[in-house]
Each structure stands twice: as structure tokens, then as C-alpha cells.
Amino acid sequence: MKTIFKAAALVLAPMTTVALTSVPAAAQSKTGIAVVDLQRAVATSAAYSTARTQIQTTYKAQIDSFTARKNAIDADLKAKGTALEAAMKAAGNKPTPAIQTQYEAYQKAGQDGQAELQRLGQPIALANAYVEEQISAKLSDALKAAMTQAKVDLILSPDATVSYQPTVDITQSVVTQLNALVPSVGITPPAGWQPGRQGQAAAPAAAPANPSQQPTSR
């Protein structure tokens, strides 16, 4: 899920002994701290897991086409790369016009292949982004509810910590809240939908009867 998540790391500012002694005891905060992996919370939610399965079915033809073409492009690039290495070795690793032409052809094949795969994978990527955005829309509410339940008022991302006990990780609690707030999502974006554009079209209340799921990078 490269998708879509940029959780800000919150850092506790160190306090000096002088600062601590200057604050009245009644005003000193007893902050409850917890750790949450927001990306993992979305990825392990029930709605996301179901949508993944649905995308694999609904977009099977596109996924198969993408995979077959990727394998062919990878094989072609590997062959071109091997031939280029052999030509360079035969020339004593000295640049020649022929090797330069061969290199440019190899480079262009890679760029063309990447553009083709991006085009073929766009429907799948959009479906995945659509699913993530629907769930993420409720992520703030789920986090607040989990914080209230755990009685904490400061959340850190795992990357913002050096070490922590498993008991302070409330990611699963966020997942539970997400499951209640977003039991299911649609997997087919409305016409013209693009990630990150709020108010484009309302997300369906439930996933289509026969939908499928998308591959995710994460």
C-alpha cells in the first residue's frame, strides 16, 4: 500500500529538571502514550481484506494480462541486458558507437515496458486506491475511539520510537474500530474518479455482489 498513507511522527520534547520543578504538581500532565501502525490497521481491516479478494476475482483478466506482459518484458530486458554485457566484454569494456546504440535500445525498451505496465495496471491500481481511500476516510474516527478506549492522549508511529512493549501497541484496537465503522467498501471507482479528490462521488455503502480485490504493494 503505497498507496496513500503519510502518518506524521509525533515526538515528545525533552523537559529539563528546571522546567519540571517550575510547573505546579497539579498542572503536570500524566500523559498516556500508545503506538499505532496506521498503514497496518487499514491493511488488516475486514473491509480491506474482503476487497482484496473481490478485486482478484473481478479484475482477474486485467491481472492475468498484466502478469503475462510483465513476464515477457522482464525476459526481453534480461536478454537485451545479457547481449549488452557480452558486447561490452568483447569490446574490452571500451565504448563504441555500436554499443552506445545497443545501450540506448535497451534503455528505451525498459522505459517503454514500464509505461506499458503502468497503463495495463491502472484499473487495478485505481481499484486499490479507491478501497484504501474509503477506509482511510474513517481512520481518524477509529483512532480517536481507540485512544479513548485505551485512555491515552498521545500516539506515536512505530518509526518514531526506539523500543516499546507490545502492550502499548493499540493497532488492533484501531482495526476493531475500523471494522465497526467501515464493514465493507466498493471496489469499482466512479467514472473519472482519481485518488485524493474529495467529494467526487459517494462511495457505495457495500461492495458489489460479485467484486474482486486488487494486488497491493505494500
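S49 is partly exposed, with a relative accessible area of 35%, where partly exposed covers the range between buried (under 20% relative accessible area) and exposed (over 50%), computed with a 1.4 Å probe on protein chains only. The structure is a predicted model, in which local features need pLDDT of at least 70 and side-chain atom pairs count only at pLDDT 80 or more, whereas totals for chains, interfaces and linings use all residues. Residues are numbered from 1 along each chain as its sequence is written, and side-chain values use heavy atoms, with hydrogens and water left out.

S49 is placed in helix α3, helices (H or I, at least four residues) and strands (E, at least two) being DSSP runs numbered from the N terminus. Not counting residues up to four places away in sequence, S49 touches A43 and T44, contact meaning heavy atoms within 4.5 Å. Although S49 and S184 are 135 residues apart in sequence, their C-alpha atoms are 9.6 Å apart in space.

S45, in the loop between α2 and α3, counts as buried because its relative accessibility is 2%. With neighbours within four places in sequence left aside, S45 is in contact with I135, V175, L178 and N179.

The protein contains seven helices and two strands, which follow the pattern α-β-α-α-α-α-α-β-α along the sequence. Of its 218 residues, 30% are buried. Among contacts with a separation of 6 or more, 85% are accounted for by residues 24 or more positions apart.

In soluble globular proteins, nonpolar side chains tend to be buried together. The largest nonpolar core of the model has 29 residues, of which V131, I135, I155, V174 and L178 touch the most other members; such a core is a set of buried Ala, Val, Leu, Ile, Met, Phe, Trp, Tyr and Cys residues joined through side-chain atoms within 4.5 Å. Two or more residues of this core are given by each of α2 (38-43), α3 (46-58), α5 (97-136), α6 (139-150) and α7 (171-181), and the largest share, five residues, comes from α6.

The axes of α6 and α7 come within 8 Å and cross at roughly 130°, axes being lines fitted to C-alpha atoms, for helices over the stretch in contact, with angles running from 0 to 180 degrees between N-to-C directions. The two helices, α6 and α7, are therefore oblique to each other, since angles under 35 degrees count as roughly parallel, over 145 as roughly antiparallel, 65 to 115 as roughly perpendicular and the rest as oblique. At their contact, L139, D141, A142, L143, A145, A146 and Q149 in α6 meet S173, V174, Q177, L178 and L181 in α7. By class, this contact of α6 with α7 comprises eight nonpolar, three polar and one charged residues, with Ala, Val, Leu, Ile, Met, Phe, Trp, Tyr, Cys and Pro counted as nonpolar, Asp, Glu, Lys and Arg as charged, and the others, Gly among them, as polar. Within α7, the residues T171, S173, V174, V175, Q177 and L178 are buried, and the buried residues of this helix pack against β1 (33-35), α2, α5 and α6.

For helix α4 (residues 60-90) and α5, the axes come within 10 Å and cross at roughly 170°, which makes α4 roughly antiparallel to α5. The residues of the contact of α4 with α5 divide into 15 nonpolar, seven polar and five charged.
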